[in-house]
Amino acid sequence: MHGTTPTALGSESNGSHSVAGAAAGTHHPAQAQDATPRLRGDLGVWLVILMELLTFAILFVSFAFARTREVPLFNASQATLDLNAGALNTVLLISGSWCVACAVAAVRRNASVAGARWLLGALACGGGFVVVKLGEYAQKLASGVDLSTNTFYMFYILLTGFHFLHVVVGMLALAYLWVKTRRGRYGSHDCHALETGAAFWHMVDLLWIVLFPLVYVMR
Amino acid sequence: MPAFSRTQVWLILLAITATTYWIGEAGLSGHGSMAPVLAMFGLAFAKGLLVCLDFLELRHAPALWRWLVLGWLALVLALIVLAYWISLR
């Protein structure tokens, strides 16, 4: 019943044609693929994602435990952050993730034009995030904050700065995928690269979901 | 956990974000109280769960990968809550 043979880790390019879909006649190839457990995206990139999650976990937990030693300082410094900007950026990343998920679904239906539009939507969300974050950094820089100001700001700059770099890398990947999708490069026969870029972008969203309440709200 | 449509997931994520924002805006998080912090990170877990299962499509991935990522999320959030609890001692 399988169009492809999943490996032990279940992540191989599903570029092959689905025998199941063709044999059943009524099933879309993508649906036949969905029936078998499979990691969406490239295994190598998923291993990178695991490493990123581990690195950020160390940063998140270090922030939380460093805070236990200087609670008043962390609370006072956090009060200077713009909660509105943090929340707006959460909305932008969540919406960007939704756009990418819709893009992947559209491409699996061979709707490349719609898929490319969704990717453009995701890029717009990412662009919005970058603008808001740069605005925040400019404001902090103008008020004389830097890495050595105090422990809170050191973590704030490290955590959000490292995350910001991931947003930029994710946007570069999305821009590349947008060009390829527009040209009809991906479809139900092959959307491996698109799924890989999508996985990275969702990871960026997942990291912010932990970062926002931790850095901006918890006091 | 039931499967929602992509748009339903997005709307739920937005609603949860609005709740977290409200907790921050109303200054509920703090005053040495565990409840709002537990609620906030419980909501963050729900958000992460939706992103992992529906956007990252780990719902359809081999169980090992699903548990690795969800385990990461649960462990990180639990350690953050533990650190907050320690800060109240």
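Me: Among contacts in chain B between residues at least 6 apart in sequence, what percentage join residues at least 24 apart?
Reply: In this predicted model, the share is 57%. A contact here requires C-beta atoms within 7 Å, and the 57% refers to such pairs with at least 24 positions between partners counted along the sequence.

Me: What makes the pattern of chain B α-α-α?
Reply: Chain B has 3 helices and 0 strands. Read along the sequence, these elements therefore give α-α-α.

Me: How do you know which residues of chain B are buried, and what percentage of the 89 residues are they?
Reply: A residue is called buried if 20 or more other C-beta atoms lie within 10 Å of its own. Buried residues make up 38% of the 89 residues in chain B. The C-alpha trace of chain B spans about 40 × 25 × 15 Å along its principal axes.

Me: What confidence does chain B carry, and which helix has the lowest mean pLDDT?
Reply: On a scale from 0 to 100, chain B averages a pLDDT of 92, with 96% of the residues at 70 or above. The model scores ipTM 0.94 and pTM 0.87.

Me: How many residues does each chain give to the contact?
Reply: Chain A gives 40 residues and chain B gives 37. On the side of chain A that touches chain B, helix 5 of chain A supplies the largest share, 11 residues. By class, that side of chain A has 28 nonpolar, 6 polar and 6 charged residues.

Technical notes
Residues numbered from 1 in each chain as written. Chains lettered and ligands numbered in written order. Predicted model: local features only at pLDDT ≥ 70, side-chain atom pairs only at ≥ 80, totals over all residues. pLDDT = per-residue confidence, 0-100. Helix = DSSP H or I, 4+ residues; strand = E, 2+ residues; numbered from the N terminus. Buried ≥ 20, exposed ≤ 12 C-beta atoms within 10 Å, placed from the backbone. Contact = placed C-beta atoms within 7 Å. Nonpolar A, V, L, I, M, F, W, Y, C, P; charged D, E, K, R; others polar.
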